[in-house]
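Subject: Structure for your review

Dear colleague,

Please find the structure below, handed over for your use. My notes on it follow.

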Amino acid sequence: MTHATDWTTPAEASHFATTPRYAETRAYLERLVAAAPNVLHLSRFGVSPEGRDLMLVVASRGGEFTPEKARASGKQIFLLQAGIHAGEIEGKDAGLMLLRDIAVTGKPPHLLDKTILVYLPIFNVDGHENASPYNRINQDGPAEMGFRATAQNLNLNRDYLKADAPEMRAWLAMFGAWLPDLFVDVHTTDGADYRYDLTWYTEDWGPLDAGVKAWQDKALKNSIFPQVEKHGHLLAPYLELRDHRDIAKGIENFGSGSRFSTGYVALNNRAAVLVETHMLKPYEVRVRATYDLVAAILAYLGEHPHELRDAVAAADRAVVARAAHGGASLPILYQTSAKSVPFALKGVAYTQTPSEISGDVWTQYDPAQPKDMEIPNWRDLDVAKRVPLPAAYLVPAGWPQIIEKLREHGIAFETLRNGVTLDVQRYRLDEPHWAAAPFEGRLMLNLFDARIEDARGVGFAPGSAIVALDQRGANVIVNLLEPEAPDSLVRWGFFNAIFEQKESGDARVLEKLARDMLARDPALKREFEARLANDAAFAADPYARLEFFYRRSPWYAQQRVGLYPVARLDGAALARARAGQ
């Protein structure tokens with residue numbers, strides 16, 4: 001029987017053989033809050049499709065339990081997230097232990113003196129309850145683990161920009177309200193065996209402000225991570241194997257990106273850390289490594305109470321000011337650098353033998369035999385695509401679902417009260433190619449040709465949204481609305497309808513149209529004849545031959561196939577749009 005004064009967490013009580021289910025986790029949190037109501041507050045920020053509350057715990061010595069009070073306090077805000085992949089649940093059990101120690105037993109004093117901790121114990125609550133011993137074949141405990149995806153079979157850690165899941169839309173509202181200075185997302189690895197208890201990834205590439213990056217280097221890499229190692233853990237940057245069969249061939253930067261939690265948070269000018277405990281370490285080791293990391297972060301924030309808050313505030317100001325200067329650009333696509341750097345790996349011995357089962361190599365590790373190796377690390381990302389930034393985007397009123405998506409991300413926009421006619425830039429998207437199979441519930445548009453066109457006298461109806469870039473979330477806006485961004489709404493299929501041809505011509509009419517066009521245009525005649533001579537499939541297809549002419553006619557142009565409806569506005573067009581209201 002557990003007594004009221006027994007604050008052993010459920011995982012500790014099982015000697016970390018198991019992790020508590022949702023109801024048991026909630027009951028323990030409610031006990032903690034009842035014991036320390038001046039320090040802890042439990043609320044919900046949403047409801048899952050299966051009807052479970054998305055729980056949120058705020059830990060604060062000054063009773064700043066709302067976003068408004070937290071910001072007014074001037075304290076740094078730290079958001080700790082667990083269970084976005086519900087089988088990777090160390091963050092939940094580490095968080096329960098830490099809240100107990102902070103609020104009830106008082107073991108680590110002063111951790112909340114200068115910081116407010118916002119703790120999300122289980123993000124994917126429905127997946128958490130879909131528990132089984134067979135959910136994660138690669139992982140050493142606990143005995144039963146939650147499932148990676150939600151009740152709708154969506155991976156929340158691919159959903160940050162498209163926000164299809166109800167849980168994610170609730171998360172976006174919560175994040176926009178709190179706007180934490182630091183975000184930590186706790187996961188468990190897949191992959192190879194090695195001696196590290198915990199690996200990490202920070203968003204050192206991409207549009208994250210240089211001052212926030214500098215804080216990450218100083219605080220995390222130079223102070224916090226070494227402090228965690230003093231507790232007996234080994235830490236390393238995230239180890240993404242270049243060849244899954246042979247760790248000696250090196251590691252590479254997996255690129256993160258805006259569909260992932262830390263990539264999205266970095267777009268919002270905040271520091272972000274991906275934590276990946278090592279799947280093959282005992283569950284207790286993984287939980288305690290997470291505990292020690294979070295405690296070390298809180299200690300550092302307490303010792304440096306203004307550093308990160310000042311860096312984040314400066315980053316927000318810089319993004320807003322960038323729009324006023326004009327002429328700026330933003331990287332939207334990256335590629336792994338061709339140049340590697342050496343990495344000193346604390347690995348273990350392994351063998352590779354030919355497999356008669358797979359016909360490939362079977363790699364087997366021996367964790368009892370440490371092995372140090374120097375391996376190549378393709379660490380850096382190079383910019384592959386950079387876009388010049390407009391003063392604003394304009395989303396036509398006919399696309400209310402896109403305007404709603406902006407609202408979900410907390411993006412500020414102005415709504416046209418009157419129709420306006422503007423000179424703008426628009427994208428023409430040609431040669432679309434979609435994925436052969438669905439990914440996260442959608443058929444992604446993987447390839448297309450994009451070119452910008454100047455368009456004069458374009459009309460926009462009342463209800464259209466002016467989305468200016470002089471706001472904190474400008475980097476999010478660009479990654480949503482620039483078609484070539486890797487997680488743009490175009491890529492995720494929100495604009496698939498623009499590629500559909502709705503009208504066509506009868507063959508009898510197109511026969512005459514073709515003859516008229518050939519008679520008027522010698523260059524077109526030469527192009528047609530060259531196509532016939534060089535493209536056998538085209539020459540053998542009567543439909544394609546007639547379509548050749550239809551697609552070069554004003555009847556086809558009127559359909560605007562491939563014309564991206566979101567316009568780019570320069571400063572003059574933005575001023576005219578606002579004046580037209």
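How many aromatic pairs does a search of the whole structure find? The search finds 27, where rings of Phe, Tyr and Trp (its six-membered ring) pair if their centres lie within 6.5 Å, with planes under 30 degrees apart counted as stacked, over 60 as edge-to-face and the rest as tilted. One aromatic cluster is formed by Tyr160, Trp171, Phe175, Phe183 and Tyr264.

Please note that this is a predicted model, in which local features need pLDDT of at least 70 and side-chain atom pairs count only at pLDDT 80 or more, while totals for chains, interfaces and linings use all residues. Residues are numbered from 1 along each chain as its sequence is written, and side-chain values use heavy atoms, with hydrogens and water left out.

Charges over rings

A charge sits over a ring if NZ of Lys or CZ of Arg is within 6 Å of the ring centre and within 35 degrees of the ring normal. The charged end of Arg31 is placed in this way over Trp7, 4.2 Å from the centre of the ring. Lys162 lies over the face of Trp492, and the distance to the ring centre is 5.1 Å.

Helices (H or I, at least four residues) and strands (E, at least two) are DSSP runs, numbered from the N terminus. Six of the six residues of strand 4 (residues 115–120) are buried, so this strand is largely enclosed by the rest of the structure. Buried means under 20% relative accessible area, exposed over 50%, and partly exposed in between (1.4 Å probe, protein chains only). Thr115, Leu117 and Tyr119 point one way from strand 4, whereas Ile116, Val118 and Leu120 point the other way.

Two strands pair if DSSP finds at least two bridges between them. Strand 2 (residues 53–59) pairs with strand 4 in the antiparallel sense over three bridges, and Val58 has Val118 as its bridge partner in strand 4. Strand 3 (residues 76–81) runs parallel to strand 4 and is joined to it by six bridges; Leu80 stands opposite Tyr119. Together with helix 4 (residues 90–105), strands 3 and 4 make a right-handed β-α-β unit. A crossover is right-handed if, with the strands pointing away from the viewer, the path from the first strand over the helix to the second runs clockwise.

The sheet 8-12-11

Three strands form an open sheet in the order 8-12-11, with mixed pairing. Strand 8 and strand 11 (341–354) stand at the edges with a single partner strand each, so one side of each is left without a neighbour in the sheet. Strand 8 runs parallel to strand 12 (residues 361–378), and two bridges join them. Glu252 has Trp378 in strand 12 as its bridge partner.

Individual residues

Asp246 is in the loop between strand 7 (235–237) and strand 8 (251–252) and counts as buried at 12% relative accessibility. A polar atom of the Asp246 side chain lies 3.0 Å from the backbone nitrogen of Ala248. Contact means heavy atoms within 4.5 Å; not counting residues up to four places away in sequence, Asp246 touches Tyr350 and Gln352.

Arg568, in strand 19 (residues 567–569), is buried at 5% relative accessibility. Its side chain makes a polar contact with that of Glu482 at 2.6 Å. A polar contact is a pair of N or O atoms within 3.5 Å; within protein, one must be able to donate a hydrogen and the other to accept it, and residues adjacent in sequence count only if both atoms are side-chain atoms.

Thr290 is found in helix 9 (residues 283–303) and is buried, with a relative accessible area of 1%. Beyond its neighbours within four places in sequence, the contacts of Thr290 include Glu90, Val186 and Thr277.

Backbone geometry

Most residues other than glycine have a negative phi, and most peptide bonds are trans. Gly141 and Pro142 are joined by a cis peptide bond, with omega about 0 degrees. Asn153 is not a glycine, yet has a positive phi of about 60 degrees; Asn153 counts as exposed at 52% relative accessibility. Glu440 likewise has a positive phi, of about 55 degrees, but is buried, with a relative accessible area of 15%.

With kind regards
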